[in-house]
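User: I would like to go through the classifications in this model one at a time. For each, please set the value against the criterion and state the conclusion.

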Amino acid sequence: MSVMDEVLTNVNNEGIMQVFFDSSRPRTDPTVCVNALTMFYMHGRGSELQPSLDWVYSVLENRKYVNGTTYYCSADAFLFFLTRLFAVAPDVYQKFAHLYEERCLERAGSDGDALELAMRVIAGASIGLRLETDFKRLLSMQQDDGGFEVCWVYQYTSLNVKIGNRGLTTALAIQACKAYAALDT
């Protein structure tokens, strides 16, 4: 059985994919779900996870991501990872487009560390939004060596542990700069 086939068997009663392949740990997370959906759509199998896609839409619609998700620290992570899904599934973007733009605009100008701002700028730029205030704040956080501080992206809530990486923050900040600059062309 392929990993993708195993994911299809690892769903809850509503058909939403679980985070762990362990029935004793029934967990769902919309950001994890978005990443798995991206993989399925990349391989032409996205339609096999319709209940999960519907759930992700309801999370976006009802703003259940605004304080982060179970395993991801930030609302901006959820919106950022949606951009990856939209890049491989234009039909999904068409369904989400209006609501997604509203949610990106709601995040504009919100507090955030360098990673959150980078993800926000990328998410906005992916749909043509120029989030200038967030971009300027991101640039102001660049350190003397050109990098950006360590920021938390992932969390193990049961252990109260957060995971971050300065390289990830810096890489996404660079991607945000490129995405923002591309809005001028």
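User: Why is Arg 63 called partly exposed?

Analyst: The relative accessibility of Arg 63 is 38%. Buried means under 20% relative accessible area and exposed means over 50%, with partly exposed in between (1.4 Å probe, protein chains only). Arg 63 therefore counts as partly exposed. This is a predicted model, in which local features need pLDDT of at least 70 and side-chain atom pairs count only at pLDDT 80 or more, while totals for chains, interfaces and linings use all residues. Residues are numbered from 1 along each chain as its sequence is written, and side-chain values use heavy atoms, with hydrogens and water left out.

User: Which other residue has a positive phi, and where is its place?

Analyst: Asn 160, also not a glycine, has a phi near 55 degrees. Asn 160 belongs to the loop between E1 and E2. Its relative accessible area is 72%, so Asn 160 is classed as exposed.

User: What makes Glu 106 and Arg 63 a salt bridge?

Analyst: A salt bridge requires a side-chain nitrogen of Lys or Arg within 4 Å of a carboxyl oxygen of Asp or Glu. The N to O distance for Glu 106 and Arg 63 is 2.7 Å, and their side chains meet in a salt bridge. Glu 106 lies in helix H5 and Arg 63 in the loop between H3 and H4, so the pair ties together parts 43 residues apart in sequence. Glu 106 has a relative accessible area of 39% and is therefore partly exposed.

User: How many salt bridges does a search of the whole structure find, and what is the N to O distance for Asp 54 and Lys 95?

Analyst: The search finds 13 salt bridges. For Asp 54 and Lys 95, whose side chains form one of them, the N to O distance is 3.3 Å. This pair links distant parts of the chain, with Asp 54 in helix H3 and Lys 95 in helix H5 (residues 90–107), 41 residues apart. Asp 54, at 36% relative accessibility, counts as partly exposed, and so does Lys 95 with a relative accessible area of 39%.

User: How do you know that Asp 184 forms a salt bridge with Arg 130?

Analyst: The closest N and O atoms of Asp 184 and Arg 130 are 2.3 Å apart. The pair links distant parts of the chain: Asp 184 is in the segment after helix H8 (166–182), whereas Arg 130 is in the loop between helix H6 (114–126) and helix H7 (132–140), 54 residues away. With a relative accessible area of 58%, Asp 184 is exposed, while Arg 130, at 37%, is partly exposed.

User: Why is Gln 155 called buried?

Analyst: Its relative accessibility is 13%, so Gln 155 counts as buried. Gln 155 lies in strand E1 (residues 152–156). A polar atom of its side chain is 3.4 Å from the backbone oxygen of Thr 70. Beyond neighbours within four places in sequence, Gln 155 has contacts (heavy atoms within 4.5 Å) with residues including Thr 69, Tyr 71, Cys 73 and Val 161.

User: How do you know that the chain agrees with a compact globule?

Analyst: The rule is 2.2 Å times the number of residues to the power 0.38, and the radius of gyration is taken over C-alpha atoms. For 185 residues the rule gives a value near 16 Å, and the chain has 17 Å, which agrees. The C-alpha atoms fill a box of roughly 50 × 40 × 30 Å along the principal axes, and 48% of the residues count as buried. The secondary structure comprises eight helices and two strands, in the order α-α-α-α-α-α-α-β-β-α from the N terminus.

Notes:
Helix = DSSP H or I, 4+ residues; strand = E, 2+ residues; numbered from the N terminus. Polar contact = N/O pair within 3.5 Å; in protein donor to acceptor, adjacent residues only side chain to side chain.
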